[in-house]
Amino acid sequence: MTIESVQIELPAPRKRQGHGPWSDLALHTIGWRAFQDLCSQVCEVVLGRPVEIFREAQDGGQDAVFLIPLGTGGPPIGTVQCKHTSDAAKALKGSDLTAEIENVEELVKAGQADTYAFMTNMSIDAPVAAAMRARLRALGVRKPHILGRQYIVRVIRSSARLRALVPQVYGLGDLTSIVDERLSEQSRALLDSWIPKLRTYVPTKSHRDAVNAISHHGVVLLLGNPSSGKSAIGAIVSTIASENPANTVLALTSPRDFEVGWNPNDPGRFFWIDDAFGSNVLRDDYVQDWASAFSKLRAAIKHGNRFLLTSRKHIYEAARRRLGQRNLAQFADGSAVVDVGELTFEEKAQILYNHVNFGGQSQSWRSSVKPHLPAVAAVRDFLPGIAERLGDPNFTKGLAPRESSLVRFMQEPTEHLIDTVNALDVQLQAALILVYVHQAGFDPSDYDVPAAQAVADLTGYSLTKIQDCFTELKGSFLKLSGSKWAFAHPTISDALTEILRQKPHMMAALIRGATIDTILSSFTCESSPLIRDALVIPTTLDDALVARLGRTPDEWHRNWMLFHFLSYRASESVFAKAIQQFPDLLRRSCWHTDLIGNDPRLNAYGRAHHQGVLPDCLRLEAADSLEAAALTDLDTSFLDEENMLALIPPSRLVGLGLALRAKVLPSLVERADEIAEDVDLDEEPDSHFKKLLGVLDRIEATAGDPETTSMIDDTRDRVKRSIKAIEERKREHDDSSEDETDWTHIVTQKKEESSPSAPVTTKRSVFDDVDK
């Protein structure tokens, strides 16, 4: 195919006029590198093919050149030149083309300027554009295009795909131009709160991996350390998903919210669940909820719903161990898990540039730190959330504009944040503590009165005066989500945890005043196993803690949390005192777990029996439950728990072993057939047989006679055949219920790798105009 036979025409600007915020996006604020990327993506959307960076200008100007390839194996047929200015009022002049004349002549001679497009964020008057096009034709360009700010804004406004590729444009206008009444009020308020941050967003490989995982699997789990950008990706992808008129975006805080929010008759729901397994420490009640909710989640995906979950790495790792075989298959095999921590230097540099450029720092401060910013971007454990703080003067008071100080700010963020919080006015600290004791956020119209009063007594400020500080802290330390005040980032809670550890008088007040949910889920005893990011209660406060545990409301949900605390977080002393002072605690009821070995109530019984404080009637009740689990439900998970196993008297334990071999083993082939008939095809086929195979393993460990071995082998063969049959049924089921919901609009376009021989050079730092 010859060059002459190819027709590549950029479409004429649409006649309809932009209105509202989209009539003039603040393109002058995004920086030359981000504008260069935007031009590249505009070309890809308009031309329907990738473009590659050819070279940056040699004269230090804010422009770059791209090649438009003909297609696979074809020669370049056109060039796009982009020029950015940080002056919002600047208009293009004919003389702006003069510096490019020599380059254009060279490109024409090389056959690379059959089409030549000049793209800029400057406004363009029609006579200037006409004169420039005429001059380009005189130089040998057949198809010249002069495209200014008005054209780029119209393209952005008309293309959801372009906004997905360059999502920072969401922050340049009003969200109501994109997201309308389809969002619930609460979720809309949450997305609205992200708008000031969206223009600083840099699409990374993690961003692309996340939306691709949602397209392929219907679900994605974003893992990362604090401040790594998980929530930012969640907000961006949720906003993009809301563009589909068939979608409803719901931002949730727990698995229980999903079970309430899922409507099987509404296939267009997009669920964003931030900190899905707990914000600062693992929420064991969330793990329990997810164990039962994952089956509903799988069914929801089949109905066309989509899910984005986030979690800190260490919290999910703890949850993964607790979930075991109850985990979602796409999470267990890692196919829908994205680690957001891996960033290239270019991504880190652009993230840092955006936060410093868009932050509230003065021009003089930005000028003083500009030479040192490349070193900050080069920090190995660079965190986007810490880069955001570097652009906020509230977090950099007293920070010297030297390379060593700035690098340390990135390398040791927790220590600096602790110093920053400690330096706040005492009344502002009181406001942060008030939010801290209300784990789910502080709602001025619905809060825990004793907890709020404890903070007021502790700090010496009235509740009214403390609440007056919220507005001052908004945007830096706090955010308003719906009607609740919450921390702008979970690391602020981490810093407060460290501060409170060092102030015993505050700890005493918190133990007496914090909500019981906060104590049961976020605290641990001094001599119990260390839990990362949990607030440690010193032994001097054991009596105060026991008093609070005894007043835990008798509700199934809180009883489950109470038993879990007694089993795993209470010290020997606290456990003994709690049972002695409140013996009826052990008689409470709570949820049951899928595997009885994970039951916190029976674990608490086992611990009480070990200490000699478990009533005989409760021990026998527990023994009955454990035997029934093994003989009826094929659940032998408790055999690995020493304290729980001791609940069964020795003589009955021997009888249980004999019954497993004599009664249960002969029935397992029939049980395998029954399981195969009643399977849920949304589950993984082998997951239905985990308990049965576990029983076989237990029996095999003590079996020695040929007859028993033969029965075990026969049962395993039957299970293998059943799994193969279920897999075939599952394939047929999946094919017949293929989801036709269109989510391709949120899939980012994969950039083609530049040829190793392409003349790509970078002579300018992305930070060159950070102080403009």
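Strand E6 (residues 219–224) and strand E9 (residues 306–312) run alongside each other in the parallel sense, joined over 6 bridges. The model is a predicted one, in which local features need pLDDT of at least 70 and side-chain atom pairs count only at pLDDT 80 or more, while totals for chains, interfaces and linings use all residues. Residues are numbered from 1 along each chain as its sequence is written, and side-chain values use heavy atoms, with hydrogens and water left out.

E6 and E9 belong to an open sheet of 5 strands, ordered E7-E8-E9-E6-E10 with parallel pairing. At its edges sit strand E7 (248–252) and strand E10 (337–339), each of which pairs on one side only. Ignoring direction, neighbouring strands of the sheet are turned by 15° against each other on average; axes are lines fitted to C-alpha atoms, for helices over the stretch in contact, and angles run from 0 to 180 degrees between N-to-C directions. Helix H7 (residues 205–217) packs on this sheet and touches E6, E8, E9 and E10, its direction making about 150° with that of E6. Contact, here and below, means heavy atoms within 4.5 Å.

Another parallel pair is made by E4 and strand E5 (residues 143–147), over 5 bridges, with Leu-147 in E5 as the bridge partner of Met-119. Strand E4 (residues 115–120) is mostly covered, with 6 of its 6 residues buried. Buried means under 20% relative accessible area, against over 50% for exposed and partly exposed in between (1.4 Å probe, protein chains only). In a regular strand the side chains alternate between the two faces of the sheet. In E4 both faces are covered: Thr-115, Ala-117 and Met-119 are buried on one side, and Tyr-116, Phe-118 and Thr-120 on the other.

The antiparallel sense turns up in strand E11 (residues 478–481) and strand E12 (residues 484–487), which pair over 4 bridges. Lys-479 stands opposite Ala-486 in E12. This hairpin has 2 residues between the strands, and Gly-482 takes a positive phi near 65° there.

Most residues other than glycine have a negative phi. Asp-275 lies in the loop between strand E8 (269–273) and helix H10 (284–302) and is buried, at a relative accessible area of 13%. Leu-634 is another non-glycine with a positive phi, of about 60°.

Turning to the helices, H26 (residues 542–550) is mostly covered, with 7 of its 9 residues buried. Those are Asp-542, Ala-544, Leu-545, Val-546, Arg-548, Leu-549 and Gly-550. They pack against helix H24 (504–513), helix H25 (516–522), strand E13 (523–525), strand E14 (535–537), H27 and H28. In the loop between helix H27 (556–569) and H28 comes Ser-571, which counts as buried at 5% relative accessibility. Leaving aside neighbours within four places in sequence, Ser-571 is in contact with Cys-525, Ser-527, Asp-542 and Arg-607.

The axes of helix H28 (residues 572–581) and helix H29 (residues 600–611) come within 11 Å and cross at roughly 90°. That makes the two helices roughly perpendicular, the label for 65 to 115 degrees; under 35 counts as roughly parallel, over 145 as roughly antiparallel and the rest as oblique. Glu-572, Phe-575 and Ala-576 in H28 meet Ala-604, Arg-607, Ala-608 and Gln-611 in H29. By class, this contact has 4 nonpolar, 1 polar and 2 charged residues, where Ala, Val, Leu, Ile, Met, Phe, Trp, Tyr, Cys and Pro count as nonpolar, Asp, Glu, Lys and Arg as charged, and the others, Gly among them, as polar.

Helix H32 (residues 650–677) and helix H33 (residues 690–702) also have axes that come within 11 Å, crossing at roughly 150°, and are therefore roughly antiparallel to each other. The contact of H32 with H33 has 10 nonpolar, 1 polar and 2 charged residues.

Terms used. Two strands pair if DSSP finds at least two bridges between them.
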